[in-house]
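Here's a friendly walk through a structure, in questions and answers. Have a look first, then read on.

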Amino acid sequence: MRPILLAGHERALAQIKYNVDGDLIFSVSKDQQICAWFAHNGERLGTYHGHQGAIWTVDVDPTSTIIASGSADNTIRLWDIKSGKCLKTWEFPTAVKRVEFNEDGTKLLGVTEKRMGHLGTIVVLDVVVDVNAEQNDEKVLTIVCDESKATVAGWSYLSKYIIAGHEDGSVSQYDAKTGDLNFNIAIHELDSAITDLQWAPDRTYFITASKDKTAKLITADDLRVLKTYVSDTPLNSATITPKKDFVVLGGGQAAMDVTRTSARQGKFEARFYHKIFEDEIGRVRGHFGPLNYVAADPTGKGYASGSEDGYVRVHQFDKGYYDFVYEVERERQRELAI
Amino acid sequence: MAPSYDTLRDEDLDEDDYDMDEVDISDIQEKYQVQLEQGYDTFVVVDGLPEVTEEQKPKLVKFLLKKLNTVGKTREDLIFMPMGEDGKSLRFAFVEYSSAAEAAAAVRQLDLVALDKKYTLRVNKMTDVDRYGREGRIDEEYTPPKIEEFQEKEHLRSFLLDPSGRGRDQLVMYRGETVGVFWNNEKDPPENIVDRQHWTETFVQWSPLGTYLTSVHAQGVQFWGGPSWTRQKRFAHPFVNLVAFSPNENYMVTWSNRPISIPDEGHPSLSLDDDGKNYIIWDIETSKPLRSFASLETPGGPAVPGASDDGKRQKLPWPAFKWSADDKYVARLNPGSSISIYELPSMRLMDKTAVKIEGVVDFDWAPATPAREGIKTYEQLLCFWTPEIGSNPAKVGLMSIPSKEIVRTLNLFSVSDVRLHWQSDAAYLCVKVDRHSKSKKSQATTLEIFRIKEKGVPVEVVDTIKDTVINFAWEPKGDRFVIINTTEPVAATAVPPKTSVAFFCPEKAKGNAIGNFKHLRTLEKKNSNAIYWSPKGRFVVIATVANQQSSDLDFYDLDFEGEKPESDKDLTANLQIMNTADHYGVTDIEWDPSGRFVATWASSWKHSMENGYHLYDFKGEQLREEPIEKFKQWAWRPRPPTLLSKEEQKTIRRNLREYSRIFEVEDAERINSADVAVVEERRRLLDEWLQWRRETEEEVAEEREAMGLPLDPVAELLKAKTAEIAPDQEEQVIEEIMEEVLDESEEIVA
């Protein structure tokens with residue numbers, strides 16, 4: 001499994017996203033660039049210019065027509081993938097840490113930072129997935145997080161709920177229509193920030209990664225913890241692989257916490273766990289900084305990781321990956337075949 | 001500038017030209033005397049005096065006064081000795097001291113002091129006599145004290161019986177704020193027996209026979225044990241720092257760097273005599289202090305010539321009190337002058353005087369009761385060394401206790417330092433002598449081995465080693481040893497010095513005799529700095545510990561059963577490396593008491609990188625690896641010596657094959673059943689998951705249908721988009737065929 005190294009960024013990576021078909025990769029970094037890449041060969045499709053600050057987040061709509069990005073310049077922007085034009089800019093009082101389209105691409109949520117007297121909020125915007133359409137200026141909904149600021153958020157199946165992960169380690173479920181808080185549950189260790197929240201393909205459950213060195217698989221409708229994956233390093237990201245029942249975790253000692261930087265001490269590896277049995281299955285080395293984001297190819301053929309070291313590594317799974325099954329799984333497959 | 005009033009010093013006052021003592025101010029004093037204390041706090045009652053007549057009385061009073069004035073101030077007219085009707089004294093006296101503190105001192109120091117051969121003083125506070133002795137306070141009739149009914153204590157050695165019947169060892173782990181005791185489960189996670197938060201404040205320690213687990217607190221030391229893990233004993237030593245046991249678990253020494261200060265209201269177990277002391281020696285059975293000692297002032301002591309005079313602050317010598325192998329004696333070094341040997345349990349100085357050895361730098365007891373040839377009487381041995389003083393050579397001496405007879409001495413020249421290493425059976429004593437050349441430029445080390453058990457204690461010199469020997473270790477119960485040399489001086493550099501590891505063993509000899517010690521092998525270019533022998537001998541781990549760069553563990557077998565190289569055929573060892581391992585950041589290593597397992601750990605006391613432990617078997621095969629946040633300490637629970645006789649042990653060894661067959665079957669069964677359990681568990685998890693997925697998928701599908709939404713929202717969107725891009729065709733497939741020329745060659749066919 002020789003990875004493709006995407007060396008287009010000059011600073012730490014913040015987020016990577018595959019489009020639905022798994023043939024394009026979008027990456028954003030602190031160097032104020034958004035890059036689009038071909039997943040199969042690592043060729044750069046282009047860049048999107050306009051942001052005036054570190055870009056924290058990016059998402060692509062389900063039809064691969066537009067992308068949304070959120071940045072430290074306090075804006076969310078919409079871009080035409082094909083032409084690279086900026087279609088719309090929404091301004092906010094503080095930086096935007098996370099954006100995500102809902103399942104049919106009609107709504108976009110943004111998580112804004114708590115700073116300068118402004119509380120952290122989750123905003124919802126109406127989006128028209130058409131490069132020629134006029135975008136609506138107004139926020140449809142604003143959820144204010146007065147307890148502990150939200151660090152990550154996402155849309156559940158049917159755009160029914162907005163799920164947010166908080167700085168204090170708790171997870172909240174909001175009604176996506178009214179913005180009412182349904183409930184807030186302490187999931188991770190107190191005051192270990194939740195660093196990532198990624199969905200299973202059908203958005204009925206999701207995985208959270210936290211600084212408490214664990215990742216958890218949680219249901220969307222009642223926030224029940226299904227599985228816990230324990231690692232030995234603070235985690236920055238976690239993703240669920242489609243097709244095979246694995247999860248990939250990424251993290252590593254933050255640069256500020258490492259006294260002597262060595263690849264061994266930093267634990268800059270992507271870790272594979274079995275989604276159902278919670279066992280660690282393997283690790284992939286290569287980065288020389290903490291992994292800031294891991295993303296799984298929606299077609300299940302590979303995954304990509306972005307690191308503090310400024311590189312994106314795109315991995316295509318090889319035969320061993322597909323062949324690997326637990327005896328009980330094989331048993332089950334045989335049963336199903338009959 | 002004249003001194004201002006608040007900077008006025010005593011010296012300035014003394015310059016005044018009159019003497020305070022000469023001025024009679026008693027009249028003023030009397031007039032303005034403030035009566036601070038009322039009552040009888042300054043009075044003591046002295047009992048146990050001889051019966052005297054009126055004529056003899058002044059003589060007795062004078063005699064008594066001498067004693068009384070040793071602790072405070074009193075006068076002849078302040079002693080009141082009541083006389084009986086028959087003109088003879090009533091054998092007691094009231095004495096008034098000038099202060100209550102002096103009266104208290106008199107009670108403390110003069111009570112039970114012999115006046116002469118016949119009479120012993122009993123001194124009590126007047127107020128105490130009043131309080132406890134008043135009429136009605138004492139029953140006229142004797143009532144025997146109520147003896148509490150005997151309550152059976154918990155079996156403190158129950159830990160030797162493993163409930164699973166596998167003879168596992170226990171261990172304690174201290175991580176974060178939690179201390180837990182576990183059964184070692186080899187590859188599986190250790191089985192928890194008890195786990196408590198904040199069980200100790202600084203560290204935990206097992207007693208040497210494994211009976212008690214010691215926890216250390218600001219108030220003192222506590223012992224825990226038995227199947228219920230309840231508190232067994234308490235030893236109140238405020239701000240205790242360190243704890244050391246006598247080898248047979250009879251006594252304990254506690255040390256605190258803060259001198260004990262007894263509060264005014266007293267201390268539950270310590271008395272005012274212990275005030276200002278740093279060490280306490282305890283009797284474990286009764287948990288009572290036997291005696292306390294203050295720390296020796298080491299820096300002010302006489303300079304030791306030849307010893308490390310690099311100006312570095314000398315480390316606290318610990319254990320400061322060293323025990324003889326049978327707990328009968330405990331000794332402390334008075335550097336440069338003598339060794340104080342105390343007898344137990346009385347804790348009296350042996351022969352009432354310390355053993356004077358001029359210049360003595362270090363000493364050590366034989367770790368076992370020695371059996372010298374031809375010596376029938378009881379003895380313990382201790383060895384000591386003195387550096388070169390003037391033109392006298394440095395000396396290593398072997399002293400027999402209690403006779404204090406010097407059994408053997410060895411004179412040495414050009415000595416920089418000496419280390420004493422006893423073999424665990426006290427069969428050998430290796431004296432590692434660091435020598436310097438005349439110019440003090442080059443260093444060399446010699447090993448002088450005393451053969452204690454042989455007649456006359458012959459001394460054998462093993463090889464002069466050019467390099468500095470930084471570590472030495474005898475095989476426990478054996479006669480082989482390992483040393484680690486380095487060519488460079490050991491300095492606090494980031495890069496560890498290159499070291500070499502050398503193995504030594506005796507030559508083969510006829511009969512029961514032990515041959516001369518010979519060099520077996522040297523392994524060059526290592527980083528190792530520590531030697532850990534298996535407690536049963538034969539196997540040894542050579543490791544690099546507490547080092548940033550390397551952390552190797554090498555497992556050696558000295559009785560390898562394979563082919564023996566020709567060059568070693570006359571030696572009693574066959575060295576073979578069994579395995580090497582690497583435990584990044586390892587700080588400590590410990591063999592379990594049975595010699596089957598080795599635990600290595602990286603303690604957060606030393607650094608915060610990858611704290612946790614590894615577990616290896618004796619062959620060096622890694623069984624477990626567990627990173628644990630803030631892992632601090634691991635300690636195997638020691639076992640008391642075996643109760644089996646030599647013959648019984650031999651029989652077991654002979655039938656080992658049969659036993660091992662049984663054990664192997666048991667192990668296989670256990671592993672199989674464990675595997676089955678794991679598979680069962682996985683099957684359950686998988687079923688659970690699949691069922692949950694099925695339910696959720698159905699629910700969501702229903703919900704979508706109810707809301708009139710397509711089953712797969714994305715597929716619909718994509719279809720719409722495709723229609724938009726290419727309205728004419730349903731779908732357009734563009735196929736691109738690439739051909740790549742891999743190789744081209746031209747062949748000319750003749």
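A salt bridge here is a side-chain nitrogen of Lys or Arg within 4 Å of a carboxyl oxygen of Asp or Glu. The model is a predicted one: local features need pLDDT of at least 70, side-chain atom pairs count only at pLDDT 80 or more, and totals for chains, interfaces and linings use all residues. Residues are numbered from 1 along each chain as its sequence is written, chains are lettered from A and ligands numbered from 1 in the order in which they are written, and side-chain values use heavy atoms, with hydrogens and water left out.

Q: Which residue of chain A forms a salt bridge with E629(B)?
A: Across the interface of chain A and chain B, the rule finds seven salt bridges. In the one made by E629(B), the closest N and O atoms are 2.6 Å apart, and the partner is K213(A).

Q: Which element gives the most to the side of chain A that touches chain B?
A: Helices (H or I, at least four residues) and strands (E, at least two) are DSSP runs, numbered from the N terminus. On that side of chain A, β20 (214–219), β21 (225–230), α1 (263–266) and α3 (327–337) each supply at least two residues. The one that gives the most, with four residues, is α3(A).

Q: How much area do chain A and chain B bury between them?
A: Contact means heavy atoms within 4.5 Å, and 34 residues of chain A are in contact with 28 residues of chain B. Buried area is the accessible area (1.4 Å probe) that two parts lose on being put together, summed over both. Carbon and sulfur atoms carry 61% of it here, and the total is about 2,900 Å².

Q: Is R271(A) buried or exposed?
A: Buried means under 20% relative accessible area, exposed over 50%, partly exposed in between (1.4 Å probe, protein chains only). R271(A) lies in strand β24 (residues 270–274) of chain A. Because its relative accessibility is 0%, R271(A) counts as buried.

Q: Which side chain makes a polar contact with the side chain of R271(A)?
A: A polar contact is a pair of N or O atoms within 3.5 Å; within protein, one must be able to donate a hydrogen and the other to accept it, and residues adjacent in sequence count only if both atoms are side-chain atoms. Leaving aside neighbours within four places in sequence, R271(A) is in contact with residues including S231(A), D232(A) and T233(A). At 2.9 Å, the polar contact is with the side chain of D232(A).
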